[in-house]
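Please view the sequence and the model together with the text.

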Amino acid sequence: MCGIVGLFLKNPALRPQLGRHLSTMLIGMTERGPDSAGIAVYHKPVAASQCKLTLFHADPHYHWRAVGGQMGEDLSAEVDIEVKANHVVFTVTSDEATVRHWIKEHHPEVRIMGYGQLMEVYKDMGLPAEVVDKYSVRAMEGSHAIGHTRMATESAVTTEHSHPFTAASDMCLVHNGSLSNHNNLRKWLHKRGHEFETDNDSEVAARYFAQRLDEGATLPEALEAGLRDLDGFYTFTMGTRDGFAVLRDGIACKPAVLAETDDYVAMASEFRSLANLPGVDKATIWEPKPAVVYTWSLQ
Amino acid sequence: MITVDLAAETVRDLNQRLHDLPADTNERAWRVVNPKGAHALVAGLDRPVDVLIEGHVGYYCAGMNKHASVVIDGHCGVGVAENIMSGEVRVKGNASQSAGASGQGGLLVIEGDASARCGISMKGVDIVVGGSVGHMSAFMAQTGNLVVCGDAGQSLGDSIYEAKLYVQGKVESLGADCIEKAMTPHHVEKLGRLLARAGVKGDPNKFKRYGSARKLYHFHVDHADAY
């Protein structure tokens with residue numbers, strides 16, 4: 001069992017409150033996922049010449065400034081560092097592929113949680129409320145965010161196995177369920193150049209959608225392809241630079257509820273995570289249908 | 001009327017108060033506010049009380065209900081009125097999966113839509129849905145009536161026993177051993193009475209009836225494909 005949430009703001013005036021609402025939603029899913037929690041938030045776009053990466057190392061005293069200094073020297077780039085507990089956001093005047101390659105080569109002990117120009121990813125072990133406090137999620141502004149609370153069934157309880165999973169620039173996925181053909185899909189993706197960071201089935205799903213998007217599929221097309229190729233139980237919520245998507249498998253064992261107003265679209269495993277959103281009493285509330293693709297995009 | 005505000009009291013407090021009511025109680029009218037999607041609200045009631053819940057509820061609301069009349073003025077999560085024994089549960093909005101699962105008696109009315117597995121394994125409950133139901137509804141339904149004023153999703157009545165299914169709209173597909181059956185004047189009359197009891201408008205002449213072909217009751221090698 002896991003809990004997933006997503007909040008996509010249609011009204012820009014609500015952006016300063018994104019983190020506050022997301023925190024309430026995430027904590028509302030504590031009983032579905034007390035092992036670990038994670039979020040991806042879309043905010044603070046960097047300049048076109050820059051990229052940003054969310055990095056993790058288990059040691060809270062890891063020498064991030066030395067790593068940043070060396071990276072700046074090697075890549076002739078400016079590196080801006082923002083530390084949040086054992087995560088750090090590097091903003092670098094370079095292209096994201098070069099930076100990721102440099103990190104893998106020089107600091108393979110560092111985990112890349114997310115990358116792109118908007119998205120930051122924070123995930124950690126512990127109760128959702130602890131993770132929210134540790135990373136000051138309530139104070140985060142932004143246009144959209146997704147979150148996950150995990151009760152592990154398929155693989156270990158570690159920060160690395162926590163969701164969201166990232167597989168492309170500004171793209172991430174949260175998953176409630178389990179896939180049964182992830183080994184075959186992992187092989188298929190491996191042949192197409194994907195390197196896996198974990199043995200988690202949800203990482204396979206994230207990379208599968210990234211592959212389809214990379215092949216030129218639109219977000220709805222990538223999700224439609226997923227309905228054909230992914231075997232198992234799933235409710236997915238996905239974030240992209242300007243989009244937000246929800247998909248359930250055809251059997252629809254894993255719960256999901258959506259609430260939409262003029263101001264936002266919110267998704268959660270259960271209504272209790274949506275119950276404190278502003279204006280939810282007047283929202284359109286429905287259960288997403290099995291095997292139907294739901295997407296929204298920023299205007 | 002006794003009002004319980006779940007912003008101030010816990011679900012456990014509310015349920016315990018209702019469970020502790022003596023048989024001859026005068027405290028028969030209850031109102032619950034701020035449910036905010038909480039689970040197991042008013043589950044296990046065993047007294048002829050009226051409960052109105054104002055707002056959306058979570059899983060297993062009014063589960064195992066006996067004698068009580070519960071109205072949910074909102075939507076509800078998985079398993080509303082699961083294993084209902086008697087009394088009445090009414091949902092003014094939509095219901096999630098497995099509404100009325102294993103219900104043994106009483107009446108469940110869903111004025112909106114119900115999603116997948118509505119009436120799964122029902123054992124005597126009457127369920128009236130004003131809208132549509134999702135896939136695998138009335139799976140292994142044993143007895144009782146499921147009335148759907150809208151459409152039914154895939155595999156309606158899969159592996160059904162002796163429950164009676166009435167659908168006014170389209171049926172996406174019938175499950176194993178479920179067939180359309182003749183709508184006799186007797187069935188029209190029974191359906192009319194049930195719709196009236198549920199307070200749901202509908203012309204019983206416009207419904208089709210579905211039930212068991214009774215071919216899966218005993219193993220027969222010629223039917224192996226259907227298992």
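## A buried serine and a helix pair

B:Ser132 counts as buried because 23 C-beta neighbours lie inside 10 Å; a residue is buried if 20 or more other C-beta atoms, placed from the backbone, lie within 10 Å of its own. The model is predicted: local features need pLDDT of at least 70 and side-chain atom pairs count only at pLDDT 80 or more, while totals for chains, interfaces and linings use all residues. Residues are numbered from 1 along each chain as its sequence is written, and chains are lettered from A in the order in which they are written.

B:Ser132 sits in the loop between strand S7 (123-129) and strand S8 (143-148) of chain B; helices (H or I, at least four residues) and strands (E, at least two) are DSSP runs, numbered from the N terminus. Among the residues that B:Ser132 touches are B:Asp113, B:Val148 and B:Gly169, a contact being two C-beta atoms, placed from the backbone, within 7 Å. The C-alpha atoms of B:Ser132 and B:Ser115 are separated by 7.8 Å, and the two residues are 17 apart along the chain.

In chain A, the axes of helix H5 and helix H6 come within 10 Å and cross at roughly 45 degrees. The axes are lines fitted to C-alpha atoms over the stretch in contact, with angles from 0 to 180 degrees between N-to-C directions.

| Helix | Residues in the helix | Residues that meet the other helix |
|---|---|---|
| H5(A) | 182-191 | A:His182, A:Leu185, A:Arg186, A:Leu189 |
| H6(A) | 201-214 | A:Asp201, A:Val204, A:Arg207, A:Tyr208, A:Gln211 |

The contact between chains takes 13 residues from chain B and ten residues from chain A.

Terms used: Buried ≥ 20, exposed ≤ 12 C-beta atoms within 10 Å, placed from the backbone. Lists of a residue's contacts leave out its neighbours within four places in sequence.
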